[in-house]
Amino acid sequence: MTKSGNTEIDALETAQQPDKLKRVVIEPLTRVEGHGKVTLLLDDDNHVKQARLHIVEFRGFEKFIQGRPYWELPVIVQRLCGICPVSHHLAAAKATDQLIGVKSLTPTAEKVRRLMHLGQVLQSHALHFFHLSSPDLLFGYDDAVAHRNIVGVLADYPQVATQGVMLRKFGQEVIRITSGKRVHGTGAIPGGVNKSLSSEERDYLLADIDQVIEWGEAAVALTKRLFMQDLDHNRSFALIDTNMLSLGREDGAMDLYHGGLRLKDATGKIVIDNLDYLGYGEHIHEQVKSWSYMKFPFVTGLGPEHGSYRVGPLARVNNCDFIDTPLAEAARLEFRALAENGLVQSTLAYHWARMVELLYCAEGIRDLLHDPDLMGSELRLRGEMQHTGIGVLEAPRGTLFHHYEIDDDGLVTRANLIVSTTNNNSAMNQSIRRVALDQLDGRELTEPLLNNIEVAIRAYDPCLSCATHALGKMPLEVQLVDESGAMIDRLFRNSQGVVGVC
Amino acid sequence: MSLVCVDHKPVLLLGYGNPSRGDDGLGPALLEMIEEDRDQGRAPDIFDALTDYQLQIEHALDMQKRRLVVFIDASVSARSPFDYSRLEPCRDNSYTSHAMSPAALLAVYEQVCGKPLPEVYLLGIPGYQFELGTSITGEAREHLGLARDFVRELLLQYSRSSDREEQGIARTSG
């Protein structure tokens, strides 16, 4: 840790006398899926005394699932989230494999699912970097709001922005071909898949894969260049020291679909390795805090004080020993060289790691498309019914846990989902406290300054997943309220993009 | 890249929303109805129906080679029973969220595709209840029925005018 350690920022979780402080609310967060807000408490000299990220997450999702028949799970869980439905689809499918007593799939089924998953991660990463983050990184955090967006990137960097659109499109096509539809697909079913690829479908994707890989390489180069050109700032911005959690293959290779859990501590030492995720409940607990709807997961062996962790691209690229595709592996080695101990803790390095993974997905898709098993005919297996099913995979934003209990009639009696964004809850809170101390403390707040908070949160690509997007629901509003609760200032951006003060 | 070179029907109906979130599913629900009308011969087979949870940048590519695009969405501000309005490209606030507005998508289309826009309209159907696990409300369902009649008639009119246009071209060239 290059700053003053996590102790200083942890002190900002709860202020001593909050009723005597000014409150600033950033609500809702922009370029973040769903609804969230950040509250800052400031004293009279604008020194930050408290900073919290509040998120309304999968509230009611477990209840939504209870009572449903298990075979519906891979389909209905897609409706939990409009951004990563395929991740929920596959995590639920993995859990239902266990419910019907299938421990390993046919080669065709597993490879079709893996292909679908790589397509999902690729399109998600492309969207996040090119659409949501590149405006900040290319134009700077204080660029005009009207310009700091995807159309601004299209105007100033048309090649970059168009590649982002096309990468996203390619990933969507992989999903469509493996699941039957771009959304609401039914590709994965308990015990397997309901279709394999035809040679025409394989050739259709192969026609573009070399171009996709080339764009993936360019994306890695761009994120690296952007990080290195302002190295000191990018290294220290929102910097925190955390443990890192991810799935990985038994031999240490990156694996987004299946594997054992690995936890590295903040020094890079492996604390847990190849842990069977069926036992996750013994090793990961969730702490409840009165001020947030979202729980705070931690590793039980380290306790709530020291057991929180980060998940997602940063954790995965840090945790794996190697990537089994050549271009992504070369990119991983360059990335890991950033830190002396090989564990990169810089929050903004998420973007770079994300593009390393995008390249891995592109290469992985190419390799799978050349595998004849993809066109096999053995799609599904059956076994003896079980009452418990647990599916875990690496979703674009990090480790995703689905856990179901069913009764003798096959109806869900209990569901527990720990989603990637929940796994990153503690880290996101720590990151905004770091930013609050480093960037905001003692200064008069402005929109560009407050955007620093959002830049830190966006690095994690949180999915708040309400998927309710009805017209006119996404304004930005910042309120400054005095200690008596009276609003003394208000900055807003309405649904037409108009920024004003009243 | 070859992915954009697929055969398209002249009309694209793009209904978006989450079917498990009450009235948020109005767009996909209307598409199901219109597809049923087409299958039963009550609506002409001149459209592709596309559903998604939200609009995103890649939907710009779905608008290529179309003559008419209609976005169909639940709306918290539309007038009863529905609003139907022509859209123009606009750089609005929706660039800053995971979900885009139709007008923002048109701006992306112009930039990415570099071609003139097709005629694009937004059909906004008033919605009231958006909680997970809820169904479409009774009031919204009434709007939905009227919107279905409207879209069916729109497609019929469009089909007739296209036929007349083609006959005119045939006469001219003959």
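## Backbone exceptions and a helix pair

P81(B) sits in the loop of chain B between β3 (68-75) and β4 (83-86); strands are DSSP E runs of at least two residues, helices H or I runs of at least four, numbered from the N terminus. The peptide bond joining S80(B) to P81(B) is cis, with omega about 0°. This is a predicted model, in which local features need pLDDT of at least 70. Residues are numbered from 1 along each chain as its sequence is written.

Most residues other than glycine have a negative phi, and most peptide bonds are trans.

| Residue | Phi | Loop |
|---|---|---|
| N46(A) | about 65° | between β2 (36-42) and β3 (48-55) of chain A |
| K65(B) | about 60° | between α2 (59-62) and β3 of chain B |

N46(A) is buried, at 17% relative accessibility. K65(B) is exposed, with a relative accessible area of 54%. Buried means under 20% relative accessible area, exposed over 50%, partly exposed in between (1.4 Å probe, protein chains only).

Now the helix pair. In chain A, α4 (residues 85-99) packs on α5 (residues 107-139) at about 155°, with axes 9 Å apart. Axes are lines fitted to C-alpha atoms over the stretch in contact, and angles run from 0 to 180 degrees between N-to-C directions. That makes α4(A) roughly antiparallel to α5(A) (over 145 degrees; under 35 is roughly parallel, 65 to 115 roughly perpendicular, the rest oblique). The contact (heavy atoms within 4.5 Å) includes L90(A) of α4(A) and M116(A) of α5(A).

Note on methods
Chains are lettered from A and ligands numbered from 1 in the order in which they are written. This is a predicted model: local features need pLDDT of at least 70, side-chain atom pairs count only at pLDDT 80 or more; totals for chains, interfaces and linings use all residues. Side-chain values use heavy atoms; hydrogens and water are left out.
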